[in-house]
Amino acid sequence: MNTSVCLPAVVPVRLAVSLACALLLGGCAPGAPSLAQPDPGALPGQWPSDSHATPVTAALPDWQQWVQDPTLAQLQTQALAHNRDLRLALLRVEEARAAHGLQRADRFPTVAVGSSHARARVPGDLNVSGRPVTGSDHEVVVGLNSWELDLWGRVRSLDEAALQQYLASAAGARAAQLTLLGQVARSYLALRETDERLHLARSTLDTRAETQRIFTRRHEVGSTSKYALTQVQSLYNQAHALVVQLEQERAQLVHALAQLTGQDVAALPERPPGAAILGEVPAGLPSQLLQARPDIVAAEHQLQAAHAQVAAARAAFFPRIALTGSFGTASAQLDGLFESGSKAWTFAPSISLPILDGGRRRANLDLATVRQHSAVASYERSVQTAFREVADALSARHFLAQQLRVQQDNLQVLQERNRLAQLRYDNGASPYLDVLDAQRELLGAAQQAVQVAYALQAAQVSLYTALGGAPAGTDRQHPSAVTP
């Protein structure tokens with residue numbers, strides 16, 4: 001029959017002595033390294049090309065407020081629901097969340113209920129009585145499985161690192177979402193641009209086809225020369241080639257948009273003339289907007305994770321104290337498990353501190369420190385890249401607006417020239433070659449004006465995404481305010 005065993009009174013004393021020795025050895029651990037911090041003075045204090053704008057404190061509008069074209073809004077909604085790259089980014093967030101849950105579980109003790117039942121026969125030659133003995137052992141216990149007392153913060157630091165990795169992945173998913181919305185907007189603008197250019201090219205092709213028919217008939221009756229007919233045919237072939245080229249570009253843009261949205265893109269509805277596609281991004285926005293940009297938020301969380309990894313590597317130089325124990329009931333008879341006197345318990349604390357490990361802990365600390373400095377450099381690079389992207393978008397918006405005004409003025413001049421050339425030809429004052437030259441330059445100017453107009457809107461998209469614009473419902477608060 002099992003009996004309770006009392007721990008010797010000397011056990012607490014030995015435990016205290018062992019703990020004192022471990023603490024003495026742990027005193028040889030390296031001092032806490034200074035945490036590397038990003039350089040706040042690495043950036044200019046204001047946006048280039050925007051320094052004379054009146055400061056604005058209003059935040060950027062959400063995508064659903066900024067996008068004014070219903071077709072584009074529908075395509076973006078489809079992309080958010082069906083894009084495979086975004087789905088992978090969201091799954092990586094779930095993966096990081098599960099990994100954090102696993103790491104966080106190490107901070108709490110594991111308590112399990114166990115039951116064991118055994119029956120054994122001992123031969124007589126192994127028994128002092130000389131006779132075989134058959135016995136049973138039945139136990140039901142609640143056990144504590146090797147729970148580490150986190151006195152130095154090692155487990156807590158690992159938990160913090162996993163949490164920061166999870167938050168970084170969540171910010172990365174928001175960055176992927178923002179990138180996707182920008183790609184859809186640019187693809188839609190490129191498709192609308194191609195449609196307008198294709199409409200101009202087809203109209204020109206129809207006009208030149210009629211001109212070719214007239215000149216062919218005139219050549220047949222001998223009222224015009226073969227040279228003039230070949231000039232007309234050449235312009236017709238140029239317009240035809242442009243139509244075919246633009247049709248190919250449109251097909252590729254439709255395929256790209258279908259991949260981004262994950263859906264078949266049907267024929268787009270007609271857009272009313274002059275209807276706005278996007279809202280305006282006001283000038284003079286503060287640089288503090290970059291603090292909410294998802295890729296910078298992700299880099300900040302990666303930096304905090306690297307700090308936590310350094311703290312965990314340093315804590316590995318101190319002793320690890322783990323507790324293992326159980327409490328329950330034991331008896332030689334199954335029906336005696338819960339009778340008086342059947343209580344059984346164990347308590348087994350352990351202290352562990354490697355003395356010789358071949359420099360493993362030192363190398364692990366050096367590795368974590370280097371990764372920490374790399375995270376600082378990566379954070380500073382992310383901020384600098386964001387600032388450059390905003391500066392590029394502001395410059396593009398400024399100069400494209402000037403180019404558009406020049407192109408529109410030039411288009412009006414060429415339209416007047418085309419009218420005068422046709423009038424001079426009709427009155428016999430100039431050859432038809434002047435009309436052909438005027439038509440060719442007018443088509444090129446009209447195509448360029450459409451390209452510049454849509455490039456200006458694409459620059460608006462680039463500026464909005466560079467400033468960290470977010471879709472409706474996205475949390476734009478600073479990551480330090482987020483709690484798991």
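**Aromatic rings and nonpolar cores**

The charged end of Arg218 lies over the ring of Phe215, at 5.4 Å from its centre; a charge sits over a ring if NZ of Lys or CZ of Arg is within 6 Å of the ring centre and within 35 degrees of the ring normal. This is a predicted model, in which local features need pLDDT of at least 70, side-chain atom pairs count only at pLDDT 80 or more, and totals for chains, interfaces and linings use all residues. Residues are numbered from 1 along each chain as its sequence is written, and side-chain values use heavy atoms, with hydrogens and water left out.

Six aromatic pairs occur in the structure. Rings of Phe, Tyr and Trp (its six-membered ring) pair if their centres lie within 6.5 Å; planes under 30 degrees apart count as stacked, over 60 as edge-to-face and the rest as tilted. One of the pairs, Trp66 with Tyr464, is stacked, with 4.3 Å centre to centre and 10 degrees between the planes. Trp66 belongs to helix H2 (residues 63-66) and Tyr464 to helix H9 (residues 432-466), so the pair ties together parts that are 398 residues apart in sequence; helices are DSSP runs (H or I, at least four residues), numbered from the N terminus. Both Trp66 and Tyr464 are buried, meaning under 20% relative accessible area (1.4 Å probe, protein chains only). Together with Trp63, they form one aromatic cluster.

The largest nonpolar core has 45 residues, and Trp63, Trp66 and Leu278 are among those with the most contacts inside it. Such a core is a set of buried Ala, Val, Leu, Ile, Met, Phe, Trp, Tyr and Cys residues joined through side-chain atoms within 4.5 Å. Its largest share, eight residues, comes from helix H5 (154-221).

Notes: Helix = DSSP H or I, 4+ residues; strand = E, 2+ residues; numbered from the N terminus. Buried < 20%, exposed > 50% of the residue type's maximum accessible area, 1.4 Å probe, protein only.
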